[in-house]
Structures are given as C-alpha cells and as structure tokens.
Amino acid sequence: MLIRNATLPDGRERDVLLEGETIAAVGEDLPMPESADERFVDASGKRLLPGMIDAHVHFREPGFSHKETWETGSRSAAAGGVTCVVDQPNTDPPTIDGAAFDEKEKLASEASLVDFGINGGVTEQWVPSALLQRPMFALGEVFLADSTGDMGIDVELFASAVKTAARQDAVVTVHAEDATEFEPGAKERDDADAWSAYRTARAEAAAVRAAAEVGDRFDAHLHVAHTSTPEGIDVAKDHGMTCEVTPHHMFLSRRDLGDLDTFGRMNPPLRRERLRSKVWERVVDGTVDIVATDHAPHTREEKDASIWDAPSGVPGVETALPLLLEAARNDEISYERVRDLTAANVADVFDLPTKGRIEAGMDADLVLVDPSDSREIRGEDLHSKCEWTPFEGKQGVFPELTLVRGEVVYERFGPDSAIEAAEAGETANERFGDAVGVNVRSIERSPDPDATATDTDGEDGDDGGDDRA
Ligand SMILES: NC(=O)N[C@@H](CC(=O)O)C(=O)O
Ligand SMILES: [Zn+2]
Ligand SMILES: [Zn+2]
C-alpha cells in the first residue's frame with residue numbers, strides 16, 4: 001500500500017509506503033506501486049497518525065461476555081483508531097494464574113481484530129511464577145481498593161507483588177485509591193454525585209503516595225492507572241512514576257452527572273470541574289504520560305440501578321482518539337501531543353520498540369482521519385456491545401481507515417473491513433484467514449531473553465499452584 005500526501009502529526013506532508021506488516025519508507029514523491037494488487041490511498045488534506053495503543057481496557061472475556069467480547073471490543077477499538085489494547089485481569093476467572101492467562105490468550109488470538117497485551121492480576125491466590133513465564137504485558141491493574149471484580153488487596157501483598165515484578169523488570173500498573181480515605185457520610189445520599197463525594201480526591205493522592213513508597217523500596221517501574229486528580233498526577237510524577245488519564249476524566253466532570261446519572265459511576269469517580277480542568281492542563285502540557293481509556297463496559301440494564309447498586313465503569317475505547325482529534329482540530333492540543341499520549345509515549349512506557357511511531361521499520365499500525373469531518377458521537381453508531389456512551393452528543397473526528405500491521409481492520413467507506421465482515425455475519429478469521437490480533441509480548445518484543453526468565457531466587461517454583469505469594 002502507498003499512502004500519498006498524508007499530513008503527519010508534526011505537520012510534514014509525506015508519502016508512506018507499506019510492505020507486509022511494516023512501514024517500508026516515509027518520504028516525498030515515493031514511486032507509485034507497480035502491481036495492481038497494491039493499493040494507493042490519496043491522503044491529501046488528511047491526517048495520518050500511529051494507531052492508538054490503549055494500555056487499559058476491560059474486554060470482559062472470559063466470564064462476562066454479555067458485557068463485551070474480544071470480537072466486539074476489538075471491533076470498537078478498530079473503529080476508534082486503536083490498533084493495540086491491553087486487557088485487565090478482573091475477568092472470570094481472574095487472570096492470576098497460568099490456566100487463566102492461557103484461556104484469555106486463546107480467546108483474544110482467535111477473535112481480536114487488533115494487537116493485544118494481557119495483564120496479570122494480583123490476589124491472595126495469584127501464581128506469580130506461572131504468570132511471569134508467560135508473555136504477560138504488565139502486572140496490573142493491581143487494585144489498592146475494590147472496584148469491579150472485588151480484587152482489592154492490602155499494602156503487604158502489593159509490596160510482595162512489586163518486589164516480584166521488579167526482579168523481572170515487569171511494569172506494575174496500579175489502581176490507586178485508599179478506601180480508608182473514603183467519606184462514609186456520603187452513603188446517606190442516593191443521588192449520582194454521592195459516588196464522587198464518597199470516593200474522595202484525597203483517597204487517590206494517598207494511595208499514589210503509598211504506592212510510590214513501595215516502588216522506591218524495590219526500585220520498580222510503577223505506572224498509575226486512571227489518575228483523576230491534579231494531586232494524584234503530581235505525586236506520581238514527583239516520585240518518578242508514569243501515569244495515565246482517561247477520556248472521561250479529561251472531558252467530563254461532576255457537572256455532567258445530572259445527565260449521566262448512574263451511568264456516570266466509575267472508579268475513580270468524576271471530579272469537580274475545577275479539578276478536571278487542571279487534569280486537562282497536565283495532559284496538554286506534557287506532565288501526563290499517556291491517555292488510556294479504562295474501557296469498562298456494562299449493559300444499560302446493569303447501569304440503570306441505584307447509585308449504590310450500579311456497577312462502576314464506562315466504555316471509551318472507540319471515542320478516545322476521536323475526542324482528542326476534535327480537541328486538536330479546535331487548537332486545544334497539538335497533534336504531536338495527541339500522538340505522544342496515545343502512541344509514542346505508550347510504546348516508550350511499556351517498551352514496545354516497533355510500535356507508536358510512523359517511521360521506516362515500524363509496524364504499519366496506522367489511522368487516517370479527515371480533520372474537517374467532525375461528527376456527533378452517538379451510542380447507536382458505536383461498535384461496542386454495550387451500545388451507550390458517556391460522551392453522547394459530543395463531537396469527535398473518527399477514523400476513515402485503520403490498519404493493524406498493514407491489514408485493513410476498519411474502513412468507513414469501503415467494503416474491505418473486518419467490521420463489514422462482522423456485520424455480514426462473518427468472523428474476522430473468516431474474512432482474513434488468520435486472526436489479525438497478536439499478543440505483542442509474544443512476537444519478538446523482548447530483546448533480552450533473561451528479562452522473561454522464570455527463576456526468582458528459588459522462591460517461586462514451576463508452573464504449579466504451590467507457590468502463592
Ligand atoms: N473503572 C471502573 O470503574 N471499572 C473497571 C475496573 C477498574 O478499572 O477499576 C471495570 O472493570 O468495570
Ligand atoms: Zn481501575
Ligand atoms: Zn480498569
């Protein structure tokens with residue numbers, strides 16, 4: 001494929017030539033393809049970005065396929081310009097041992113339209129040696145307070161997990177809320193804002209501080225998931241941790257709960273508008289490392305309950321890049337910053353040397369958008385199983401074309417897309433032969449074979465069940 005005259009995030013206009021799964025060349029006036037099998041895309045006036053790497057999704061399989069599946073979640077990702085996702089461990093069974101990891105990896109390999117990583121989780125029953133022997137993306141999200149799945153753990157188990165991960169150079173991603181800082185008085189209320197009043201902003205900063213202490217002790221790479229407050233972000237960065245921000249904490253606040261009602265319940269919760277705007281400042285100015293969606297779908301029926309009974313979490317994988325591109329189109333953030341937050345920095349934080357940039361030799365994970373084509377976001381147009389969005393009515397710039405390692409996985413106007421295949425009742429595998437998605441840790445991503453060594457000072461045994469931490 002030759003993509004001609006695309007505007008790159010830094011504003012240069014270039015041709016991009018793809019060969020197989022990789023970007024073969026980025027240059028000016030590259031020769032037209034000779035073979036009729038090769039495709040030519042005129043990208044004049046359009047923006048080409050590296051595909052988003054979403055380091056935080058909950059695709060719900062195995063266990064909760066009524067909420068989302070690898071097929072529907074990855075379809076939603078592809079349509080939103082996300083070419084690689086990282087799945088979190090609060091499934092059923094939870095991804096805490098070898099068998100659960102293998103089961104999830106099989107499901108993802110068979111159905112995912114986009115590349116993926118699978119995280120390993122930590123509970124009293126986790127089997128660290130089995131997880132670390134596998135192509136696990138990172139450890140996490142490790143829950144310092146209960147969220148969906150009730151996988152909250154105490155600080156001692158957290159410290160032991162961080163110690164184990166640090167010895168193997170695995171990143172640990174942390175859900176940082178400290179339940180001892182929640183506000184029990186809020187439980188008297190039953191309006192949707194009570195959730196935000198209950199799970200306080202100070203609970204985040206306290207947990208980030210506690211995590212930082214543990215991280216320092218073991219010289220570990222800690223990454224704080226879904227930071228939602230300026231203080232949480234600042235504490236994380238002051239302690240040398242990396243951090244992510246979700247689209248809902250960038251673009252929504254407690255003011256929106258009047259409309260969202262219980263559909264706006266998530267962990268950490270929406271914050272005051274004053275805090276939201278300071279979070280956004282830190283996204284724009286480069287303090288925040290990455291944007292990750294925490295795509296956490298639940299059905300309408302499940303969300304339509306009292307604020308204390310509704311499950312926590314909102315979908316977001318399909319709307320994150322479109323919302324950021326809308327902000328870029330309105331000069332609220334630069335395209336380069338969008339590239340860094342959604343791709344380049346993610347590849348750096350999680351060490352994915354062939355992803356996140358449009359350069360010769362990199363994976364051909366690409367998104368083409370027409371910046372003048374801003375559309376209203378409507379839940380019914382999205383491809384996730386949950387069919388609703390907290391961003392209903394906002395504007396977004398959606399992809400025209402999404403490629404994963406050179407393969408078209410989404411094309412808005414063309415027939416050659418996996419989404420069309422799905423809509424015609426074909427699976428992605430039927431349309432493309434082999435599955436498109438590949439576990440990014442299992443394909444030549446680990447330059448140092450010792451980095452995945454299994455021996456951890458003899459403390460953890462084989463792939464057995466008798467080595468629980
Ligand atoms: N964010 C949420 O509110 N919910 C997530 C879990 C999580 O990320 O804490 C979910 O899996 O539903
Ligand atoms: Zn979380
Ligand atoms: Zn999450």
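The legends below describe close-up views of the ligand and zinc sites in a predicted model.

**Figure 1. Residues around ligand 1.** The shell of ligand 1 consists of 17 residues, and the closest are R60, N90, S147, T148 and D294. Sorted by class, this shell holds 11 polar, 3 charged and 3 nonpolar residues. The largest cavity is the space taken by ligand 1.

**Figure 2. Polar contacts of ligand 1.** The side chain of N90 places an N or O atom 2.8 Å from an oxygen atom of ligand 1. From N267, a backbone N or O atom is 2.8 Å from an oxygen atom of the ligand. At G313, a polar backbone atom is 3.2 Å from an oxygen atom of ligand 1. Ligand 1 taken alone exposes 310 Å², of which the protein buries 100%.

Figure 3. Four residues supply the donors to the zinc ion (ligand 3): H56 and H58 through NE2, E141 through OE and D294 through OD, at 2.0 to 2.3 Å. Along the chain, these donors have the spacing H-x1-H-x82-E-x152-D. Distant parts of the chain are linked by the pair H58 and D294, which are 236 residues apart. H58 belongs to the loop between β6 (52-57) and α1 (70-79), while D294 belongs to the loop between β13 (290-291) and α11 (300-303).

Figure 4. The protein donors here are OE of E141, ND1 of H175 and NE2 of H226, at 1.9 to 2.1 Å from the zinc ion (ligand 2). Their sequence spacing is E-x33-H-x50-H. E141 and H226, 85 residues apart, link distant parts of the chain. E141 is in strand β9 (residues 139-143), whereas H226 is in the loop between β11 (222-224) and α7 (230-238).

**Figure 5. E141 between the two zinc ions.** The zinc ion (ligand 2) and the zinc ion (ligand 3) are 3.5 Å apart, with E141 as a bridge. This residue lies in strand β9. The peptide bond that joins G140 and E141 is cis, with omega at about -10°. Most peptide bonds are trans.

Figure 6. P268 is part of the loop between α9 (257-260) and α10 (273-284). N267 also contacts ligand 1, with a backbone N or O atom 2.8 Å from a ligand oxygen atom.

**Figure 7. Backbone of D294.** In D294, a residue other than glycine, phi is positive, near 50°. Most residues other than glycine have a negative phi. D294 lies in the loop between β13 and α11.

How values were computed. Residues numbered from 1 in each chain as written. Chains lettered and ligands numbered in written order. Predicted model: local features only at pLDDT ≥ 70, side-chain atom pairs only at ≥ 80, totals over all residues. Heavy atoms only, no water. Near = heavy atom within 4 Å. Polar contact = N/O pair within 3.5 Å; in protein donor to acceptor, adjacent residues only side chain to side chain. Areas by Shrake-Rupley, 256 points an atom, 1.4 Å probe, with all protein chains shown as cover. 1 Å grid on protein atoms, 1.4 Å probe; cavity = no way out; pocket = protein on both sides within 12 Å on 5 of 7 lines; lining within 4 Å. Sits in = over half its atoms within 2 Å of the grid points. Nonpolar A, V, L, I, M, F, W, Y, C, P; charged D, E, K, R; others polar. Donors = N, O, S within 2.8 Å, 3.2 Å for Na, K, Ca; no water. Helix = DSSP H or I, 4+ residues; strand = E, 2+ residues; numbered from the N terminus.
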